[in-house]
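Thanks for making time this morning.

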Amino acid sequence: MNLYEAMYILDPDLDEEALKKVVSVIETTITDNDGKVEDSRTEGKKQLAYPVKKKMQKNHLLMDFSIEPDKIDKLNNIFKLNENIFRVMITRKEAKKTDKT
């Protein structure tokens, strides 16, 4: 399994309860596809430089998880169908190197 970092731009109109539900859906989707969520953190509402779906603010979510590489496309397709997720970017993280001398 590879380690990935995902950044999600979520609907700014979500209240705290709805935001937690969207995060839970994302985490469940990852674990249902044989992945493991390492870390998840929301960074609150932020101002956008340009409108996304006619909105100038966003809820920002960062998530670290590990999953098999062939499941990434499936995850992207599932996340694109969720109307509360405006944008998704998933990048592969390099494993931490340990200095052994």
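There are two aromatic pairs in this structure, where rings of Phe, Tyr and Trp (its six-membered ring) count as a pair if their centres lie within 6.5 Å. One of them is formed by Tyr8 and Phe79, an edge-to-face pair at 5.4 Å centre to centre with 90° between the planes. As for the wording, planes under 30 degrees apart count as stacked, over 60 as edge-to-face and the rest as tilted. This pair links distant parts of the chain, with Tyr8 in strand β1 (residues 2–10) and Phe79 in helix α2 (residues 72–80), 71 residues apart. Helices (H or I, at least four residues) and strands (E, at least two) are DSSP runs, numbered from the N terminus. Tyr8 and Phe79 are both buried, and buried here means under 20% relative accessible area, exposed over 50%, partly exposed in between (1.4 Å probe, protein chains only).

Before I go on, a word on the source. This is a predicted model, in which local features need pLDDT of at least 70 and side-chain atom pairs count only at pLDDT 80 or more, while totals for chains, interfaces and linings use all residues. Residues are numbered from 1 along each chain as its sequence is written, and side-chain values use heavy atoms, with hydrogens and water left out.

Now the helices. Helix α1 (residues 16–32) packs against α2 at an angle of about 155°, and their axes are 11 Å apart. The axes are lines fitted to C-alpha atoms, for helices over the stretch in contact, and angles run from 0 to 180 degrees between N-to-C directions. So α1 and α2 are roughly antiparallel to each other; under 35 degrees counts as roughly parallel, over 145 as roughly antiparallel, 65 to 115 as roughly perpendicular and the rest as oblique. On the α1 side the contact is made by Ile26, Thr29 and Ile30, and on the α2 side by Leu75, Ile78 and Phe79, with contact meaning heavy atoms within 4.5 Å.

Take Thr29 of helix α1. Is Thr29 buried or exposed? Thr29 is buried, at a relative accessible area of 12%. Leaving out residues up to four places away in sequence, Thr29 touches Leu75, Ile78 and Phe79. Its side chain also reaches the backbone oxygen of Val25 at 2.7 Å.

Next is Ser40, in strand β2. Ser40 is partly exposed, with a relative accessible area of 28%. Its side chain makes a polar contact of 3.5 Å with the side chain of Glu27. A polar contact is a pair of N or O atoms within 3.5 Å; within protein, one must be able to donate a hydrogen and the other to accept it, and residues adjacent in sequence count only if both atoms are side-chain atoms. Beyond four places in sequence, the residues Ser40 touches include Val23, Leu61 and Met63.

Last, the loop. Most residues other than glycine have a negative phi. Lys53, however, has a positive phi near 50°, and Lys54 one of about 65°. Lys53 lies in the loop between β2 (36–52) and β3 (55–67), and Lys54 is in the loop between β2 and β3 too. Lys53 is partly exposed at 49% relative accessible area, whereas Lys54 is exposed at 83%.
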